[in-house]
Amino acid sequence: MDPALSAVRLTVREAIDTLSSSEDGGHILSVLGSLKRYLGETEDAARPEEKEEFAAAHFSSFLRCLAGKLSPGWLDLCPDGRLEELWASFFLEGPADQAFLVLMEAVEGAAGPSFHLMKMAQLLATFLTKGRMAALMEGQCRPQARPGFPLLRETLLSKVVGLPDRLGNCLQQDNLAQFFPQNYVPLLGEEAVRALQAVVDALRGGLDCSVSFVSRVLGKVCIQGRQKEILGTLVPQLAELTQGSCLWQRVCWRLVEQVPDRAMEAVLTGLVEAAPGPEVLSRLLGNLVVKSKKAQFVMTQKLLFLQYRCSTSMLQSLLGYLALDSQRRPLLVQALKELLETWGSSSAVRHAPLEQQRYISTAVLICLAHLGEPELRDSREELLASMMAGVKCRLDSSLPPVRRLGMIVAEVISSRIHPEGPPLRFQCDDELSREMRALSTLQPASDSSSEAGGLSLAPGVAESSAETRDGGAPTVPPQGSDSELDSDDDFIPYDMSGDTELKSSKAPLYIRDCMEALVTVEDKDVERWEAALRALEGLVCRSPAATREVSVELAKVLLHLEERTCVVGFEGLRQRALVAVTVTDPARVAEYLTSQFYALNYSLRQRMDILDVLTLAAQELSRPGRLGRSPQLSAPAPGSPCSPAPAVSQPTSTVAPNWRVVVEERIKSKTRRFSKGCPQRELAAGPNEFNSVAGYFFFPLIQHFDRPVVTFDLLGDDQLVLGRLTHTLGALMYLAVNTTVAVPMGRALLEFVWALRFHVDSYVRRGLLSAVSSVLLSVPAERLLEDLPDELLEASSWLADVAEKDVDEDCRKLALRALLLLEKLRDRLLPLSSP
């Protein structure tokens, strides 16, 4: 053995013996000072081979000896603090990896709260603030002079990443702020950037380096769910460093490439979320999706199809990254084909949540924005077939947002695939459609000041329009100009707000006249037809006896009534009149309407109108105090059929003020009160008219739902009407509260729900869940326990399964509400059922 190396071993052994036995502070200081030469911190520094021998073979054991000697009495051997400072310098100046492991070992090996534990924890916090973690990672990146031990590197990696958890378990209530995850993980990101800077400098100097340890640290931190903390620090700095340096870009590419496969998803998801745009993501990743199958699966499959938590900006970064390089653009084309295939799948439309469908639609539009016409032309037939299948599935859906998504995406796809053909246009113009259409066009970065799709105005026009929007008066032209000679701005406009349109035909005064006008009117006399339609509701409310004579015939006329001219609010007028007729003669009209619901030769629109009318009529019949209202003298408001109108005085009568009211108002104004209770409002009371006719509304609707006819199949393609039927039955059940027929209605409704509980359409399932809640609210609790125990038990298990596993969020919420109602009823029933 080399004599110099033997001398190092002998010196270290003598120093350890002195530290273990000596009580002389000066002697201890001299021994420690002599060992500092092996760290290169003194004037007579040791030779390189001696430093290497000390660091490789003796440094860890010497640090353990120092950690074991730490105590208040040992530090008091030199009261001036020189001993503590010299003791700490060995941990802060020697090889960082060994010092870190010894510090962690000392902290984790402490039996409990003590002076030794807190001193070592404080020294570890100083170790972190002095930048020693960057030195640790840098040392692992440089080539090792001696063969390393994989177990040692794995232990080092585990302790570096798991430091917050380990220190939290050891220190508990005495934990330091530097060890909190929200503070430590960003610090780890800063130290990783410093280590990478050292790697770049070494590469520029011609040395070989590896960033695998930093990659593994990054992957392990991201797996533990700390992507935002570490990448929020890394990405902004790496984005700036890679902007003008190809070497930095290659280091970043290598950094992500060497992330272990099990951590690739977490790292890539965090990078897509943290990157401010596709350009930055391209500089950080390079062509990783082409080189790595795991990265390609994550970027083109998992983030697009198996998850839907990415925001729109994340999707734009991800798909823009695929579009920025010619080697990656084929992956973008393939992603568009697969997205459209999923978008056009009828199974995905039925079973996927609405959020995922909107996510897929957004990805499709962003892909179309990045692809050019030649790339789309090669796949025109395939894209068109997927588009047509998706449009058909979505237009058949019972959910309006799903239909709206189908319209928007179909418009954009058709305009891109067939720009030369006639444009496909739907009547869909709302905030969602405008946001989705804006995604299909790329917005240049320099065009951020102007609004998307807006036209540039001349300066003068822009200024004048701005003043008008701000509420200011228009700019007055200068005197002497030609425009003031023929201007009419000085004239005061005549108030025409109270004017009414003159009608040549008077409104009918009798029910039969209205029926005759609606049935036999010719096209040349449309004013009489419109006047009859507008007057019909008021006549029905004022003349209930005359209405009952022709109620069924009038309901038939209104049900088949078609718009002859462009009448404002035609659907509302027709519906309110039909509701008024149903309220006036509920048994006969409801029997007619329910029989026509399953009849032949009716459109889906008419069948849904029947359901709406039955619901509104039942709501009006069940309203408390309806019988005690004053007779209607004027046309009712649009929202409430047969609503009471205020009393109207005759034109010839003189209305004198009531002197009692005048006196009471004067007394109130002169009286001072310190407290005044809330005015008690007398609630209207009266019998529920819906009680006697609820069966006419409910049972005919629920009897024949499983019997398809030639033009109507509720269990087949007409699932939109089935969904409306389930909601209608639930509403009728709720309005039948406190009625004698509520129990048989509840039993029949639960059987109906049980037959359709596994329906694939989410709108139908929502109606079924609402119906269960209506049964729980309307049927008395005692009768539920006595008459429907088996149905309640089956419903409870089904509701729990829906609340946990249903793909539709609204269905899960409705099931949870029904379960809460069931729990409340159970709490009420248990005391009653116990002896």
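**Close-up 1. Helices α32 and α33 cross at roughly 125°.** In this predicted model, the axes of α32 (residues 570-584) and α33 (residues 586-597) come within 5 Å. Helices are DSSP runs of H or I with at least four residues, numbered from the N terminus. Axes are lines fitted to C-alpha atoms over the stretch in contact, and angles run from 0 to 180 degrees between N-to-C directions. Val581, Thr582, Val583 and Thr584 of α32 meet Pro586, Val589 and Leu593 of α33; contact means heavy atoms within 4.5 Å. Five of these residues are nonpolar, two polar and none charged (nonpolar: Ala, Val, Leu, Ile, Met, Phe, Trp, Tyr, Cys and Pro; charged: Asp, Glu, Lys and Arg; polar: the others, Gly among them).

**Close-up 2. Helices α37 and α39 pack at about 10°.** The axes of α37 (residues 719-735) and α39 (residues 762-778) lie 8 Å apart. The two helices are therefore roughly parallel. Contact residues include Leu720, Arg724 and Tyr734 of α37 and Tyr763, Arg766 and Leu777 of α39. By class, the contact has ten nonpolar, eight polar and two charged residues.

**Close-up 3. Cys65 and Cys252 are buried.** Relative accessible area is 12% for Cys65 and 2% for Cys252. Buried means under 20%, exposed over 50%, partly exposed in between (1.4 Å probe, protein chains only). The structure holds zero disulfides, a disulfide being a pair of cysteine sulfur atoms within 2.5 Å.

**Notes.** Residues are numbered from 1 along each chain as its sequence is written, and side-chain values use heavy atoms, without hydrogens or water. Local features need pLDDT of at least 70 and side-chain atom pairs pLDDT 80 or more, while totals for chains, interfaces and linings use all residues.

Conventions
Angles under 35 degrees count as roughly parallel, over 145 as roughly antiparallel, 65 to 115 as roughly perpendicular and the rest as oblique.
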